[in-house]
Amino acid sequence: MEKYLFMKHLSGLLEKEDFLKKVFSLYLQAVAAFAVLSGFVGFIIGWREVMRLQTSGIIGGAIFQMLFVIAIYAVAHAFWIGSQRIRSLNDSEPLFTSIGCEMIRTFANAYASFAIIMAIAGGIFIWFAGPGIRNSNPLFRILNHYYPFSGLHGETFIQGLTFMVRGVAYAFLIFLGLYVISELLSAVARLSKGR
C-alpha cells in the first residue's frame with residue numbers, strides 16, 4: 001500500500017539539496033525556452049506590423065526587429081546562466097536563500113538586458129517612423145504596457161532620445177533594486193548562520 005502513497009517519497013526528495021537545485025535549474029531553463037518561443041511569436045507578429053509602414057518606418061522596424069532578436073537571446077542566455085549557477089551552488093550556504101538570491105539576480109539580469117536593448121530599439125524606431133508610431137503600432141502598445149514611457153511629447157528626435165534614456169534609466173533602477181534585495185537576503189542568511 002505504501003508504494004502508492006507518493007507524498008513520503010516526495011517529502012524525502014524535497015529534503016535533498018541536489019534534487020532541489022536540479023528542479024530550480026530546470027525551471028530557469030524552461031523559462032529560457034518559453035522566452036525564445038514567445039519571442040519567436042512576437043517577431044513574426046512584429047514583421048506583419050512593420051510591413052504596413054512607410055519606407056522609413058520599415059527601415060526603423062527592421063532595426064527594431066534585429067535588436068528584438070538580440071534582446072530575446074540575452075534574456076534566454078541570462079536564464080540559462082542562472083540555471084547553471086543554481087546547479088553549482090555552494091552547499092555550505094542555506095539552500096533556499098541561495099536559490100532565491102540567484103533567481104532574483106537572474107531575473108534582474110534578464111529584465112535589464114531586455115529593457116535596455118528594447119529602449120534603444122524603440123528610440124531608433126521612433127526616429128525612423130515618427131512619434132505617432134507609439135500610439136498606432138502594437139509593438140509600442142506592448143512596450144508601453146511594460147514600461148512607464150507614456151506621456152512623451154515633442155519632435156521625433158526628442159521623443160526617440162527620451163524613450164531611450166527613460167528606458168535605460170528604469171532598467172538600471174530595477175536592476176539595482178533587485179540586486180540590493182538579493183544582497184540583503186544573503187546578508188540576513190549569513191547573520192542568522194553566525195548565531
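Author: One cut-off first: a residue is buried under 20% relative accessible area, exposed over 50%, and partly exposed in between. Also, this is a predicted model.

Reader: Which ring does F175 pair with?

Author: With Y179: the ring centres are 4.6 Å apart and the planes are at 40°, so the pair is tilted. Both residues lie in helix α7 (residues 156-194), four residues apart, or about one turn of the helix. Y179 is partly exposed too, at 23%.

Reader: How many aromatic pairs in the chain?

Author: The count is six. One of them is F68 with F114, edge-to-face, at 6.4 Å centre to centre and 75° between the planes.

Reader: Where do F68 and F114 lie?

Author: F68 is in helix α3 (residues 55-87) and F114 in helix α4 (residues 95-129), so the pair ties together parts 46 residues apart in sequence. F68 is buried at 12%, while F114 is partly exposed at 22%.

Reader: Switching topic. What is the secondary structure of the chain?

Author: Seven helices and zero strands.

Reader: And what share of the residues is buried?

Author: Buried residues are 36% of the 195 in the chain. The accessible surface is about 11,500 Å², with 70% of that belonging to carbon and sulfur atoms.

Reader: What about contacts between residues 24 or more positions apart?

Author: They account for 75% of the contacts with a separation of 6 or more.

Key
Residues are numbered from 1 along each chain as its sequence is written. This is a predicted model: local features need pLDDT of at least 70, side-chain atom pairs count only at pLDDT 80 or more; totals for chains, interfaces and linings use all residues. Side-chain values use heavy atoms; hydrogens and water are left out. Helices (H or I, at least four residues) and strands (E, at least two) are DSSP runs, numbered from the N terminus. Buried means under 20% relative accessible area, exposed over 50%, partly exposed in between (1.4 Å probe, protein chains only). Contact means heavy atoms within 4.5 Å. Accessible areas come from the Shrake-Rupley method with a 1.4 Å probe; for residues, only the protein chains shown count as cover. Rings of Phe, Tyr and Trp (its six-membered ring) pair if their centres lie within 6.5 Å; planes under 30 degrees apart count as stacked, over 60 as edge-to-face and the rest as tilted.
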